[in-house]
Amino acid sequence: MMRVFSSRLQWDSQPNPLSILLAEKRRSGAAILDLTESNPTRAGLDYPGAELLAALADSRALLYQPDPRGLLAAREAVAGYYAQRGVEVPAARILLTASTSEAYSYLFKLLADPGHEILVPRPSYPLFEYLAAMESVRAIPYPLRYDGGWHIDFDALTSAITFRTRAIVVVNPNNPTGSYLKRAEWERLRTFGLPILSDEVFSDFGFAADPDRLTTLAGRSDTLTFSMSGLSKIAGLPQMKLGWIVAGGPEHAAALEGLEWIADTFLSVATPVQWALPRILAASAPVQEQIRLRTCANLEFLMGRAAGSPCRCLHAEGGWYAILEVPRIRTEEEWALGLLAEGDVLVQPGFFYDFEAEAFLVLSLLTPPAIFAEGLGRILDSAGRLS
């Protein structure tokens, strides 16, 4: 029988055991302590609602004047965002997208033909395989190793490069490890001569300063780079659907021309959010500060409670997540299912993020503190009883 749908859609759509159990728990009315919450609009943050709504009421949004790269005023606002961080980025090097996921889609189209390969970090963002498959390219993992801190395994990265390789993705800081790209790692990445795609959506959320890290590759001139970010994390506003790509280095002009052709085909970024962008970015500071205070406080609480317990909190430098190593008396799936079944605590197992070894749980530091504290207490109590 002839196949009706594309092979891009050949994914297992069956719910996993954790999702099934969670649905059953919620149907029964159980009060779930959700330690996976990553949606900032549901995390109890105080948003400047009046200012955000007023920004969306700009009358210029009633006129449709599409620009494939994005309205100049919006791109200048993005350039201003980088200028406040000490990085000079001309608006001409910026292209707006509806999201970071769409930015990946554009870049995979730009750099790769069907069958080509993009190198992606592991553990990391769990959507790479899907995003790559949608463009008929392959996401090939390269490992991050932990020895008290996370670092790129360059021997494995070198071995993963073939004649099909078209780019290297770095997530800076990584989700969920919270590790930033270091200057020495950047110097080695440059030597491969491949375009670098840098996902920097969490770069504003470092836990402590470190002169050895690079918080952005925007503004680099020595290697073809594409820095990605957007309002989802910077302003805690994923529903606004606006992200961007900053192109830099050799051939950036040709790259931007190609990206403009791609963007002109879709014209996906809505006009209202583009006109609102300068005011949204200006209003983002209080939201960012709330997120920083919460994530830092939850991480400090986690480290303090885990000390002396059978569990270990892995070192994190930034982002919204923490990794808790739990005793290997259970698999990660058994830990996650057991905590939900017995303690009404929802966590993500490490294999959701392609951890190579057992047993790790991923916790969202964005979780409201009272829920985080109670949920963590139940995890540590369970670990103590079982160990």
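Let's start with a word we'll need a lot: a residue is buried if its relative accessible area is under 20%, exposed if over 50%, and partly exposed in between, using a 1.4 Å probe and protein chains only. What you're looking at is a predicted model, where local features need pLDDT of at least 70, side-chain atom pairs count only at pLDDT 80 or more, and totals for chains, interfaces and linings use all residues. Residues are numbered from 1 along each chain as its sequence is written, and side-chain values use heavy atoms, with hydrogens and water left out. Helices (H or I, at least four residues) and strands (E, at least two) are DSSP runs, numbered from the N terminus.

Now find helix α4, residues 100-111. Nine of its twelve residues are buried, so this helix is mostly covered, going by the under-20% rule. The buried ones are Thr 100, Glu 102, Ala 103, Tyr 104, Ser 105, Tyr 106, Leu 107, Phe 108 and Leu 111. How far apart are the end C-alpha atoms of α4? They are 16 Å apart, which agrees with the 16 Å that twelve residues should span at 1.5 Å a residue. The expected span here is 1.5 Å times one less than the number of residues. At the start of α4, Ser 99 puts a side-chain oxygen within 3.4 Å of the backbone nitrogen of Ser 101.

Next, some helix pairs. Axes are lines fitted to C-alpha atoms, for helices over the stretch in contact, and angles run from 0 to 180 degrees between N-to-C directions. Helix α3 (residues 72-83) packs with helix α10 (residues 271-282) at about 25°, and their axes are 7 Å apart. The two are therefore roughly parallel to each other; angles under 35 degrees get that label, while over 145 is roughly antiparallel, 65 to 115 roughly perpendicular and the rest oblique. On the α3 side the contact (heavy atoms within 4.5 Å) is made by Ala 73, Ala 74, Ala 77, Val 78 and Tyr 81, and on the α10 side by Gln 274, Trp 275, Leu 277, Pro 278 and Leu 281.

Helices α12 (residues 332-343) and α13 (residues 369-386) pack at an angle of about 110°, with axes 11 Å apart. That makes α12 roughly perpendicular to α13. Here Trp 335, Leu 339 and Gly 343 of α12 meet Arg 378, Ile 379, Ser 382, Ala 383 and Leu 386 of α13.

Let's zoom in on single residues. Is Glu 117, with its 5% relative accessibility, buried or exposed? Glu 117 counts as buried, and its place is in strand β3, residues 117-122. Its side chain joins that of Arg 138 through a polar contact of 3.2 Å, and makes another with the side chain of Thr 162 at 3.3 Å. Beyond four places in sequence, Glu 117 also touches residues including Ile 140, Arg 164 and Ala 167.

Ser 179 sits in the loop between β6 (165-171) and β7 (181-182). Ser 179 is buried too, at 8%, and its side chain makes a polar contact of 2.7 Å with that of Thr 177. Among the residues it touches are Leu 144, Trp 150 and Glu 317.

In helix α9 (residues 252-266) you'll find Leu 256, buried at 2% relative accessible area. Leu 256 and Arg 93 are 163 residues apart in sequence, but their C-alpha atoms are 7.2 Å apart in space.

Most residues other than glycine have a negative phi, and most peptide bonds are trans. Arg 122 and Pro 123 are joined by a cis peptide bond, with omega about 0°, and Pro 123 is in the loop between β3 and α5 (128-134). The bond from Glu 358 to Ala 359 is also cis, with omega near -5°. Ser 136, not a glycine, has a positive phi of about 60° and is partly exposed at 27%. Lys 241 has a positive phi near 55°, and at 44% Lys 241 counts as partly exposed.

How values were computed
A polar contact is a pair of N or O atoms within 3.5 Å; within protein, one must be able to donate a hydrogen and the other to accept it, and residues adjacent in sequence count only if both atoms are side-chain atoms.
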